[in-house]
Amino acid sequence: MAREEHKLRLATCSLAGCFGCHMSFLDIDEWLFELDKFFTFDRSPFTDIKTLENADVGLIEGGLCNQENIEVLLDFRKNCKLLVSVGACAINGGVPALRNGFPVEDCLLEVYQNGVGLQGTVIPSGKELPSLLPKVLPVHELVKVDYFLPGCPPPAEAFIELLCAIRDNRAPEIAYEHRRFD
Amino acid sequence: MSGMKSAFSFDGIQIAFTSGQSIMQAVLDGGGYIPHLCYHPQLSVHGSCRLCMVKVGDRYLSACTTEAQNGMQVENQISELRELRLKLLEMLFAEGNHFCPSCELSGNCQLQALAYELGMTHSRFPLQYPTRKRDGSHATVFLDRDRCINCEICVRASRELDGKNVFSLSGRGSDTALQINSEDGRLGSTDLIATDSSARLCPVGALVFKQGNYAERPNERLYDTHIISETGNRRPAVVSGGYPELGE
């Protein structure tokens, strides 16, 4: 894919998230044409590009629940001029953080061995499987985050304001009706 | 002094008050608003949430515990107080487990509404993720301590409005927790009934009704569209088992 040098390079990823924020992003509908005037997608589930280098903006959906999330987040921080925490999970762990009140071992036992109909099954393990962190953490506990877009998911209008603000080199001002924690 | 009108300046507006009224009472009576969570006009004053701090001269005072005085110059809507209140809210969010997406009170929650109004996007304090006990033993009311902010409104409402003694706060500092005054410590073993004020005044989603939740669509709930400084602290009947709102 040829680089469009005059456009800002926008990367996105989902860590411990449900892709709901990405779906809400797509709710910008025809504003995608406006976005295309100023941004081009870099590494993102939208492009299926797997590597990242010299991006301008990185949108992080989801919190940190395993070692792979940490690797991806550090890669984004290293390669994005601006990093944005998008959605409740990136900002406070969200629904995945409901497990924070239990030891990881208990969660694995419940899911793979002790649950109904699971007798005789084993807890998956292996070098290719990223190990779980003791607690699900918000993104800004590990790296510096430049902007935060709350919501579960943030409404499409909030994405538009965020991208307009970045395009115009100012801080985003989310209107009251688009401020959402749910 | 009888016959003399008493008033103080509140962000430049003259607010009349009667002797013995707090700054908070006088401002609310005058149709104004000061952010608060632990204050309720039908209850005695607790003074613990500190969100109602106002600036009087060089001093920060909580509006709910400070008596109004003639000629006082009270500042409320100023940037330094906004920043202090924002930090307090962020600490409240960091201290408990406030997962708004799955909470019954979301959209009608006063903690959330104040965060929306002050433009809070995240907590700058390390999230504590405390392990707290829930209590589903009562037939109609559920207690989720994850969301409790220790405002003591249920404690005071039970004693002062319901003539009971269902709740209390125990422990100190970060160990402070809502306790149920029954032999086994469970809500189901108390004389709490659904019509009690203590079950209907929680400003957050710590005490919720088991039935009838999520009745409103997102974007149609009170604080989705209304700013709390304009509506005041309210808990709509729709999240209080359908019983009438115990307004301010």
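Buried area, used throughout these legends, is the accessible area (1.4 Å probe) that two parts lose on being put together, summed over both. This is a predicted model, in which local features need pLDDT of at least 70 and side-chain atom pairs count only at pLDDT 80 or more, while totals for chains, interfaces and linings use all residues. Residues are numbered from 1 along each chain as its sequence is written, chains are lettered from A and ligands numbered from 1 in the order in which they are written, and side-chain values use heavy atoms, with hydrogens and water left out.

**View 1. Chain B against chain A.** Here 27 residues of chain B are in contact with 24 residues of chain A, contact meaning heavy atoms within 4.5 Å. The area buried between the chains is about 2100 Å², and carbon and sulfur atoms give 60% of that. Look for Phe99(B), Tyr116(B) and Tyr129(B), which supply 33% of the area that chain B buries against chain A, more than any other three residues.

**View 2. Salt bridges between chain B and chain A.** Two salt bridges are found across this interface. In one that you can pick out, Arg180(A) pairs with Asp224(B), their closest N and O atoms being 3.7 Å apart. Helix H3 (110-118) and helix H5 (222-225) of chain B each supply at least two residues of the side that touches chain A; helices (H or I, at least four residues) and strands (E, at least two) are DSSP runs, numbered from the N terminus. H3(B) gives the largest share of that side, four residues.

**View 3. An open sheet in chain B.** Three strands line up in the order E6-E7-E10 with antiparallel pairing, where two strands pair if DSSP finds at least two bridges between them. Strand E6 (134-135) and strand E10 (207-209) of chain B stand at the edges, each with a single partner strand, so one side of each is left without a neighbour in the sheet. E7(B) (residues 141-144) pairs with E10(B) over three bridges, and Leu143(B) has Leu207(B) as its bridge partner in E10(B).

Notes:
Salt bridge = Lys/Arg side-chain N within 4 Å of Asp/Glu carboxyl O.
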